[in-house]
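Hello,

My notes follow below it.

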Amino acid sequence: MKNTLWLFSFICMSFFAIHAQTGPGGVGNVSNNGLWLRTDVINQANGTTITTWNDNSGNGNSANQTAVEKQPVFYTSSALNNMPIIRFDGANDEMSIADADILDNTTGISMYAVLRPNNLNGQPRGILGKRITYSTSENYSYTWFFYSTDKLYLDVVTSNNRFDSNNTKFFNATNYILSWNFDGTLEQSQRSNMVNGSDVMVTHSENSTFIPNGNQPVTLGALNQGYGTYLGADYAEIIQFNEKLNAAEQIIVQNYLSAKYDIALSTNDYYMQDTVANGNFDFNVAGIGQAADGTNHTDSRGSGIVRISSPSALSNQDFLFWGEDRNDASYNFTTNNSVFTEQLDSKWRISKVNDLGNVTVTFDITNVDLSNKQNCQPLQLVVANNVNFTSSTVYNLTITGNTATANNVTFSDGDFFTLQYLDEIVWDGTSFYNGSGVANAPNATDECLRFTIKAGTTVTLNENAHIRQIDVENGASLNVADGILLEVENELNIDGEVYLIGEAQLIQNHSGTNLNTGQGALKKRQQGTSNLYNYNYWSSPVNREGYWQLSFLEDADGVVNFTNANNANPTTSPVTLSDRWLYQYNSSSGYNGWNLINPTTELLPGLGYTMKGSGGGGANYEYLFKGLPNDGDLSITANTGNDILIGNPYPSALDAEVFINDNLSVIDGSLYFWEHFDSNTSHSLSNYEGGYAVYNLMMSLPAISDSSGLTSGQGNTSKPAPTKNVAVGQGFFVSIDNTGAINFNNAQRVFARESQNESVYYRSSQSNTIVADDRMKLKIAFKDPGNYVRIIGLGYDENATNGYDKGFDARAFDVQKNEMYWDLDDEKLSILALSQYNPSQELPVWLKVEDVGNYKFKVDELQNVPNEFSVFLKDNETSALYDITNNEVSLWLDSMENSERFSIVFQETVLNIDDFNLNNISLIYDAVQKEVKLLDIEYSGITKMTLYSVFGQQIWTKIDNEITTEFNVSDLTDGVYLLKLENNEGEKSFKFVKN
């Protein structure tokens, strides 16, 4: 099996070699190109002797010389177009190529030599020969030499048919492309010729029809080994084919050699790009075409990496040649600063005679360095009529293995071509290049490309952009328009400035640690309260040398000042803030845990801090954060039992749900956001007005508010509930359940704008839209006599249980003097999460009342509830049920603190008839309709009902048929009333408040 696989691989490689046309100029391959000795691939020091001249035909027919005294010398440059040469001294230097079938044993041969003789003197000087010794009748394959009057001579098979170059003589110190051809299948008079450049010097009658399979070596520098006919010459290239090339193939090889060695052709000189004026595209020249006699060659690669084939419209005298501008290309990519593409460090140029139509172009990319190329952008063939490749035609290449192909390519005479790929979008101060957006700017589809803003230029992005990385060069400015998302897969290298205007945001998507570098800065503005007495909780989206300090903070006029006075001073420019109110918190000590910091305290990314308002005009004051954007994995260490003030560390919104889920092993799972009332006018803690909004995986709730209406959002000082997206610069509290690291990462980042209700910064009143989901939720508002409104929430999630669930239940974080919370195992909760809805549930609420007076209850919001769903407040002392689904219920409450008096229920309990008695009856007061409703009275056998005032005054009595299940009390004055029900088994009383 191993041998079978080896044979299969050999056949495949041989097939490719045979059809790849990798011989000189793209003519021939391993099957017919028997010898190809090139000096330009020799890798040894200048002036050193040559022991082996390796064969590049693929047949291993290398020339060798082991005798030191006969070894020629290698030189790295020469008079042959500065190309390397091997110098034979003409005294005794020679090299031998061992016999091989491909070197003779054929009906045809084409042989080429590029050399510069230096000892022509009328004596025999052998270019090469394949014979044992001189004989007129045998022992020959061929000999080729200068002789007599320095003409060129050729023997084929024997010396009997020897012929010379006729009237052409040759001279020392002159560069030559010499060739001869033999075809034993032709008429005798046409079988042999010799060519100088492209000029046929002589065509000779030849008796032989076949070059026999001799056993003698080919000798370079003499007619045969040790014969003494030594040629002194600089050898550059020796080529042999074991068949006579057709006219088209000869033209191609001649043009290849002419360009390489700067030796002019007097006829058929079709490749014109090898001159200084045309750029010296001298190397790896190859061609395809069709000669005047109809012979053609349509598939060439040659010594380079470019293969062109399959012309679509080939006619006589149509030729296409291409050559490379260097012979030692490393095949790396560098930026073309004319069109800002990554282009190969070598290029090719076309000479075209007439029109061959479209062609197929293939590159061998085995040694092309594509390590920096992003796989999402195609490798491209780029064709242009200028060396800078502006106004180019681009063909995407199909890559299979190490081969890249473009079909239906059209070339014009003089065209340049090379490989390129898009790696960057560039703003050069005038125009964008390579982007997919308007006017070639980047847009949301360009995540594979980096974006470069050239030094000293300024540009504004006006559409969302998704790119690989950003390079802002020295003195450059990148502005991102208000509300625009700049999404970057990897790093920002900022040596100028990036300015996120308004609600513009930056998201980076890579995993791992920070990648951002540079001597410049990103600028991001955020607004905080102007109220001198109010706190905002902050967290910086940028850093300087890995940390942030408040002394870096700026406003529109520059770096802000700080004073030790209680109040900020808004009249200075820049503004002067008070450093008396700068705090951090990471403690379990309540109020005593606040830690005073100063403007130069170094704050790690992700830490929160407090700062009071500037006193400036308007409700809000705008600050500027300036530094390198925070990025990647960040962490804050916290201890069990502590509450800690942290914040969004990024210049984008933070997805609260992702953050919570990432940190549930450490934190309690709820985020708390401080809100000071706008009406606050005191620095005294006892006079502070405010509270905490909360967000967790179940829902969000607004902070306690001072509202003229019952529910949230109706007063001038109320703020909406948080969304799942934490705004840029926003600080918040978390509670620590287990010592560990609080982790931030780029996967938590999200684009969300405050103006679109997608994120909320706790600084001013604004509307809010809660992100809907399919879970059942309800929120209940509780308003005390001072018009402070507390909202508590109940929700159902399959991940919750009947016990306390991290991330779903939320503990009360700020208990006021008058409060309502859920009671769960003596735990006060602002959010209660249960696994599934049960209509018969009775959920106790913890009620704290310090101020005697009227308290109001009402459902604030319902989501995904069943049809005909109702929520009741149940008074467990009186058994009264108050429908608060759509009604505002007002109850006069005395001072109290317990969790037994009131519960939330959803519908009356349905019992069997036999089970009904007085205890099953419940009362509901409808405050809108001013009606009292009795539930489950039908089977209780009531014989009498009496209504009393709170002072015992009887209002009315109903008996027997007068008894009703509901009655209107709109004619009664507001106050507390008692309804007494009686039957044969006893009596039951209900207390309700009419308002």
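Which residue just after α2 takes a positive phi? Asp 262 does, at about 55 degrees.

Some ground rules. This is a predicted model, so local features need pLDDT of at least 70 and side-chain atom pairs count only at pLDDT 80 or more, while totals for chains, interfaces and linings use all residues. Residues are numbered from 1 along each chain as its sequence is written, and side-chain values use heavy atoms, with hydrogens and water left out. Helices (H or I, at least four residues) and strands (E, at least two) are DSSP runs, numbered from the N terminus.

Helix α2

Helix α2 covers residues 247-261. At 1.5 Å a residue, its 15 residues should span 21 Å, and its end C-alpha atoms are 21 Å apart, which agrees. The expected span is 1.5 Å times one less than the number of residues. At the start of α2, a side-chain oxygen of Asn 246 comes within 3.0 Å of the backbone nitrogen of Ala 248.

Buried means under 20% relative accessible area, exposed over 50%, and partly exposed in between (1.4 Å probe, protein chains only). Ser 258 is found in α2. It counts as buried, at 4% relative accessibility. The C-alpha atoms of Ser 258 and Asn 514 are separated by 57 Å, and the two residues are 256 apart along the chain.

Strand pairing

An open sheet of three strands has the order β36-β39-β42, with parallel pairing. Its edge strands are β36 (465-467) and β42 (505-508), each pairing on one side only. The twist averages 15 degrees from one strand to the next. Axes here are lines fitted to C-alpha atoms, for helices over the stretch in contact, and angles run from 0 to 180 degrees between N-to-C directions. Strands pair if DSSP finds at least two bridges between them. Three bridges link β36 and β39 (residues 485-488). Ala 465 has Leu 486 in β39 as its bridge partner.

Further along, β76 (residues 922-926) and β77 (residues 931-935) run antiparallel, joined by five bridges. Leu 923 stands opposite Leu 934.

Cavities

How many cavities of 30 Å³ or more does the structure hold? Three. On a 1 Å grid over the protein atoms alone, a cavity is a set of points where a 1.4 Å probe fits but cannot get out; lining residues have an atom within 4 Å of a point. A volume is the space filled by probe spheres set on the points, which are joined across faces, edges and corners.

The largest cavity has a volume of about 80 Å³. It is lined by 14 residues, and the closest to its centre are Tyr 692, Val 694, Arg 790, Asp 814 and Ser 830. β58 (690-695) supplies the largest share of the lining, three residues.

Best wishes

Note on methods:
Polar contact = N/O pair within 3.5 Å; in protein donor to acceptor, adjacent residues only side chain to side chain. 1 Å grid on protein atoms, 1.4 Å probe; cavity = no way out; pocket = protein on both sides within 12 Å on 5 of 7 lines; lining within 4 Å.
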